[in-house]
Structures are given as structure tokens and as C-alpha cells.
Amino acid sequence: MKIFKKLFRNNKKNSSNRGILIFENTSEVIRAENILKKQGYEIKVVGPPPHVRKGCDLAIDFPIVETVGILKLLKDYELSPIDYMPSNDGNLKPVDLFHVKDFGRFIMVRAANMKITVHKGSLTIVNVSGGGCPDVPYLAAMLVGKNIYEVPEPNEIGHTLCGYALQLAYDKIKELCLQS
């Protein structure tokens with residue numbers, strides 16, 4: 001009986017194998033993400049495990065069975081990852097970019113190095129912080145004190161890694177606010 005369970009568990013695990021694409025820089029990750037999502041690939045941006053980082057502190061998590069199609073599509077757009085590898089093997093598991101903290105009346109989401117905090121009752125953005133990019137003060141000035149659904153999206157007004165990370169946090173906090 002144990003053998004059947006083990007075989008069944010391994011087949012289930014193999015059917016959900018994921019891989020990660022490693023890129024030279026953040027703009028390549030963002031560009032690849034846009035290309036792949038427009039083509040319908042189920043991917044997400046993650047942090048690569050520290051010991052496999054080669055250029056950028058972001059990577060793309062993707063279904064490993066789609067490797068050939070994804071690499072061909074990226075090559076058609078003259079975009080090539082530095083490396084790609086399976087990620088389900090214990091020490092190659094991608095790092096989650098998100099951290100959610102509930103403070104009672106407030107909820108904060110951190111994505112990579114950027115944080116956004118919202119008052120749960122009014123959905124007012126009460127804080128934007130983190131990062132070291134030059135557009136962070138501008139992003140904070142444009143968002144803080146306003147309703148989360150009435151502000152420009154961070155990626156429309158910010159053009160750095162911090163703006164990108166803030167967009168991820170913004171999307172996640174909006175998702176959480178909808179669930180409340």
C-alpha cells in the first residue's frame with residue numbers, strides 16, 4: 001500500500017513541476033513577464049533562490065512543460081534568459097516576494113523591497129515606503145491619503161524596480177481588500 005501512495009504522490013508532484021527563468025536585469029524580467037502573460041502563459045514573478053542569482057533579484061516561475069514554447073517565444077522577441085532550471089527541488093524553490101501583515105485596522109503588503117499600507121475601513125492608503133529608487137518619494141506623494149481605487153497605478157507613474165515592486169504590492173493589497 002505504501003508503494004502505491006508513494007507512486008501516486010510522485011506522479012502528482014511531477015504533474016505540477018515548475019521552473020524558473022533567470023535574467024540579467026529587472027527590465028528583462030518585466031519585459032518577459034509582459035510578453036508571456038500576453039501569450040497566455042501562467043507565470044509569476046518570484047525571487048530566485050539566493051544561491052542561483054546571477055544578475056537580477058527577480059525571476060519568472062513557469063510550468064516546466066512549457067519550457068520549449070517559452071524559450072522560443074522569448075527568442076522571437078530577442079530576449080534570452082541567462083539560465084533556466086526546474087524549481088521544485090527543495091533548494092531551488094523560488095522565494096515568495098510577498099509578506100502580508102494585518103495590524104487590525106490597517107493591512108500592509110510588502111513586495112520585494114516596497115510596502116503599502118491601507119486603512120481597512122476607508123481603503124485609504126496611509127503609507128508607502130521602502131526601496132531606494134529616486135521615484136519612491138514621488139510615488140508616496142501621489143498615493144498616500146487617497147482611496148486605493150482612486151489613484152493611478154504605480155506602474156503608470158513609476159518607472160524603476162521600486163515602482164514595479166510597488167505595483168505588485170498594490171495589486172496584492174487590492175485583491176485582499178476585495179476579499180474583506
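**Terms and values**

Modeller: Val46 stands opposite Ala59 in E3. This is a predicted model, where local features need pLDDT of at least 70, side-chain atom pairs count only at pLDDT 80 or more, and totals for chains, interfaces and linings use all residues. Residues are numbered from 1 along each chain as its sequence is written, and side-chain values use heavy atoms, without hydrogens and water.

Biologist: What makes E2 and E3 a pair?

Modeller: Two strands (E in DSSP, runs of at least two residues) pair if DSSP finds at least two bridges between them. E2 and E3 have 3 bridges, in the antiparallel sense, so they count as paired.

Biologist: How do you know that E1 pairs with E3 and with E4?

Modeller: 5 bridges join E1 to E3, and 4 bridges join E1 to E4; both pairings are antiparallel. Gly19 stands opposite Phe62 in E3, and its bridge partner in E4 is Pro86.

Biologist: Why are E2 and E4 said to stand at the edges?

Modeller: The open sheet of 4 strands has the order E2-E3-E1-E4. E2 and E4 (83-86) each have a single partner strand, so one side of each lacks a neighbour in the sheet.

Biologist: Why is E1 called largely enclosed?

Modeller: Buried means under 20% relative accessible area, with a 1.4 Å probe and protein chains only. In E1, 4 of the 5 residues are buried, so the rest of the structure largely encloses this strand.

Terms used
Buried < 20%, exposed > 50% of the residue type's maximum accessible area, 1.4 Å probe, protein only.
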